[in-house]
Number of protein chains: 2
Amino acid sequence: MKVVETIAEMRQVRKELEEPVGFVPTMGFLHEGHLSLVRQARAENASVVVSIFVNPTQFGPREDFKNYPRDTKRDLAVLEPITDFVFMPATDGMYPENCDTRVEVGAITERLEGAARPGHFRGVSTVVAKLFNIVQPTRAYFGQKDAQQLLVIKKMAADLDMDLEVVACPTVREPDGLAMSSRNTYLNDRQRQAATVLYRTLALAQERWSQGEKDAGAIRREMTELIKKEPLADIKYISIADAGTLKEVFHRIKPPALVSLAVKIGKTRLIDNVVLE
Amino acid sequence: MKVVETIAEMRQVRKELEEPVGFVPTMGFLHEGHLSLVRQARAENASVVVSIFVNPTQFGPREDFKNYPRDTKRDLAVLEPITDFVFMPATDGMYPENCDTRVEVGAITERLEGAARPGHFRGVSTVVAKLFNIVQPTRAYFGQKDAQQLLVIKKMAADLDMDLEVVACPTVREPDGLAMSSRNTYLNDRQRQAATVLYRTLALAQERWSQGEKDAGAIRREMTELIKKEPLADIKYISIADAGTLKEVFHRIKPPALVSLAVKIGKTRLIDNVVLE
């Protein structure tokens, strides 16, 4: 495994890579969720590139860019057995002075996470467009955990005719259902326990759907009630939306629908989702 | 020469092209200006792709999209001896329903033509990003005649780390100095005569600069006076700006500076420019 730190070197490396090339963009502090993406990239491609870049432009001014957890040494150690190249550009390498171009993916970026985090998806789509242009992957791997991000990247790639495949990978969960996330590290023991309410609530929605409940309002009410039983949980949103447009569904659910939620546990904002098929 | 009409076929063709690949994106109705770009692409590359696509998203609602001149038969005839592939996608091939992603190049798109034509450069940068992703050229050729467009494309390519070279080609002029443009076809004889005022005015600026005049205000005044002598000319703007940022210069000119103007002759809006080195 080789670590590449500049765009120029990454371009050079890319020219020599055996095709197809699998690419996993990350912000580091890797957990089993990331590693499942890298393993799938490994299984499906001749070469695997992982990027580690904590992208400042996708954090809001009051968000946790500065404190976002970082542990490069451990990241490199866990990647070593399954990765060919790790691309770790410097911030001013990715964003030289006067860098002023943005990729905007439109209406789907304005709902859910986009409504709560203005500019977040502009930052995501722009940095991913840049990374795609540098790494030029055959396939790029994203987790279903960040369902809206996955949709935004898929839509960007399709709308801009990017010559690559965006591959969705299932959410990896802790034994008690909590979706793996680098931000879970912010939780103390009591909060970590409370955080299981996200998946329990999604599992409830999934169960009610399987039992034949079609009304979005009814399911949303039951979800709300369950979360409210957890005193540490502060609901940011509970959404049942069309899985393609992310438009909120208020009455009869037509599958596939994305059931997603954002809940604050203490100061930590967690998100999770399931798809009703 | 082969005509390619779908994105899927163009991708297929691209895989077989001999490198390097030169690309000239056009809106058709080709004149000597376009052909000079194609010839330079021919001279510098093993393969040459020209696109013809009248891009609706770069026209404002009151602009001339519907009436923009088209003559595909003649275009193909003049390209035949110097082009390998002509990419002529359908509008709904390039913009399927729900296509919602936009590339925004920031501050330089808000000045000059961008101020006069809101959304114009968003349309240009987005369609060129798409064409670049489809054709994947080694080099792409743009005319200095559309100086701001050239700058926007160069900035987009740099900011988004696109793996290609944007090549600027000199403005091609009629014997009397009028810059070649597909829109010149809108002019009647009297207007065609009046249109020479654009280049005469730019030549005056160039001459005063060569003579040692450094004050932008003084040069702008002389330019204005000269245009006002032409009764058919309606000045939209006269600009002396930093050639990199396009910020207007009001006092001492520091080269390189872009001297550009937009003038309406009848209903036809013409632009032209020179660079003070």
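**Helix packing and cysteines in the predicted model**

In chain A of this predicted model, A:Ile7, A:Met10, A:Arg11 and A:Arg14 of helix α1(A) meet A:Asn133, A:Ile134 and A:Val135 of helix α6(A). By class, this contact of α1(A) with α6(A) comprises four nonpolar, one polar and two charged residues. The helices concerned span residues 7–16 (α1) and residues 120–135 (α6) of chain A, and they pack at an angle of about 50° with their axes 8 Å apart. At that angle, α1(A) is oblique to α6(A).

In chain B, helix α6 (residues 120–135) packs with helix α7 (residues 147–159); their axes come within 10 Å and cross at roughly 50°. The arrangement of α6(B) relative to α7(B) is therefore oblique, and α6(B) passes α7(B) in a right-handed crossing. On the α6(B) side, the contact is made by B:Phe121, B:Val124, B:Ser125, B:Val128, B:Ala129 and B:Phe132. The α7(B) side contributes B:Gln148, B:Gln149, B:Val152, B:Ile153 and B:Met156. Sorted by class, the residues in the contact of α6(B) with α7(B) are eight nonpolar and three polar, with no charged residues.

The cysteines were also examined. A disulfide is a covalent bond between the sulfur atoms of two cysteines. With a cut-off of 2.5 Å between cysteine sulfur atoms, the count over all chains comes to zero disulfides. A:Cys169 has a relative accessible area of 2% and is therefore buried, the limit for this class being under 20%. B:Cys169 is likewise buried, with a relative accessible area of 2%.

Methods:
Residues are numbered from 1 along each chain as its sequence is written. Chains are lettered from A and ligands numbered from 1 in the order in which they are written. This is a predicted model: local features need pLDDT of at least 70, side-chain atom pairs count only at pLDDT 80 or more; totals for chains, interfaces and linings use all residues. Side-chain values use heavy atoms; hydrogens and water are left out. Axes are lines fitted to C-alpha atoms, for helices over the stretch in contact, and angles run from 0 to 180 degrees between N-to-C directions. Helices (H or I, at least four residues) and strands (E, at least two) are DSSP runs, numbered from the N terminus. Angles under 35 degrees count as roughly parallel, over 145 as roughly antiparallel, 65 to 115 as roughly perpendicular and the rest as oblique. A crossing is left-handed if the near helix is turned anticlockwise from the far one by less than a right angle, and right-handed if clockwise. Contact means heavy atoms within 4.5 Å. Ala, Val, Leu, Ile, Met, Phe, Trp, Tyr, Cys and Pro count as nonpolar, Asp, Glu, Lys and Arg as charged, and the others, Gly among them, as polar. Buried means under 20% relative accessible area, exposed over 50%, partly exposed in between (1.4 Å probe, protein chains only).
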